[in-house]
Amino acid sequence: MNNTTITRVGVVIYALVIGFFGVNHFLNASGMAPFVPAFFHGGVFWIYLTGAALIAAAIAFLIGKKTRLAGLLLAAFLLIIVLTIHLPAVINAPDEAASRVPLTNLIKDTGLAGAALIIAGISLPVRSRAL
């Protein structure tokens, strides 16, 4: 397999994972609502909105349209989640055992943000890439 095929397979797998997370927001909105920070008023509304955004990013990656924008916005969203939800949960965990799940989510979402940035970067026209 050449690099273009490998990259495309990776993007499709990533898009399917992100799409799954988006659908999960709709299926489990009430369970996720308590994790929305208090300064974001609206609770479940934000869960639905972010679910729709995740699905939109997945579609953009799958069809190859607005991929750079989708990757940048997805990375920004994930890093906001890391900083406003996962990091405070790790810091405020009462003990090491209680910090394991939020720490895992922090690392997962940071990695997913990095992959979104890679997708945004590879979507540049060839003439714009640094050699």
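Ser99 sits in helix α5, where helices are DSSP runs of H or I of at least four residues and strands are runs of E of at least two, numbered from the N terminus. The model is predicted, so local features need pLDDT of at least 70 and side-chain atom pairs count only at pLDDT 80 or more, while totals for chains, interfaces and linings use all residues. Residues are numbered from 1 along each chain as its sequence is written, and side-chain values use heavy atoms, with hydrogens and water left out.

Ser99 is buried, at a relative accessible area of 13%; buried means under 20%, exposed over 50%, and partly exposed in between, with a 1.4 Å probe and protein chains only. A polar atom of the Ser99 side chain lies 2.7 Å from the backbone oxygen of Glu96. Beyond its neighbours within four places in sequence, Ser99 is in contact with Val90 and Ala93, contact meaning heavy atoms within 4.5 Å.

The protein chain as a whole has 5 helices and 0 strands. Its C-alpha atoms fill a box of roughly 50 × 30 × 25 Å along the principal axes. Of its 131 residues, 29% count as buried. Among contacts between residues at least 6 apart in sequence, 61% join residues at least 24 apart.

Which residues of the largest nonpolar core touch the most other members? They are Tyr14, Ile18, Phe61, Leu74 and Leu78, in a core of 17 residues. Such a core is a set of buried Ala, Val, Leu, Ile, Met, Phe, Trp, Tyr and Cys residues joined through side-chain atoms within 4.5 Å. Helices α1, α3, α4 and α5 each give two or more residues to this core, and α3 provides the largest share, 5 residues. In soluble globular proteins, nonpolar side chains tend to be buried together.

Leu74, in helix α4, is buried with a relative accessible area of 4%. Leaving aside neighbours within four places in sequence, Leu74 is in contact with Tyr14, Ile18, Leu54, Ala57, Phe61 and Ala116.

Of the 38 residues that line it, His25, Thr50, Phe77, Ile81 and Ile85 are the closest to its centre. On a 1 Å grid over the protein atoms alone, a pocket is an open set of points with protein on both sides within 12 Å along at least five of seven lines, whereas a cavity is a set where a 1.4 Å probe fits but cannot get out; lining residues have an atom within 4 Å of a point. Grid points are joined across faces, edges and corners, and a volume is the space filled by probe spheres set on the points. Helix α4 gives the most to the lining of the largest pocket, with 13 residues. That lining divides into 29 nonpolar, 6 polar and 3 charged residues; Ala, Val, Leu, Ile, Met, Phe, Trp, Tyr, Cys and Pro count as nonpolar, Asp, Glu, Lys and Arg as charged, and the others, Gly among them, as polar.

The second largest pocket has a volume of about 220 Å³. Its lining includes Arg8, Val11, Phe61, Thr67 and Ile119. Helix α1 gives the most to this lining, with 4 residues. By class, the lining has 4 nonpolar, 5 polar and 1 charged residues.

Methods. A polar contact is a pair of N or O atoms within 3.5 Å; within protein, one must be able to donate a hydrogen and the other to accept it, and residues adjacent in sequence count only if both atoms are side-chain atoms.
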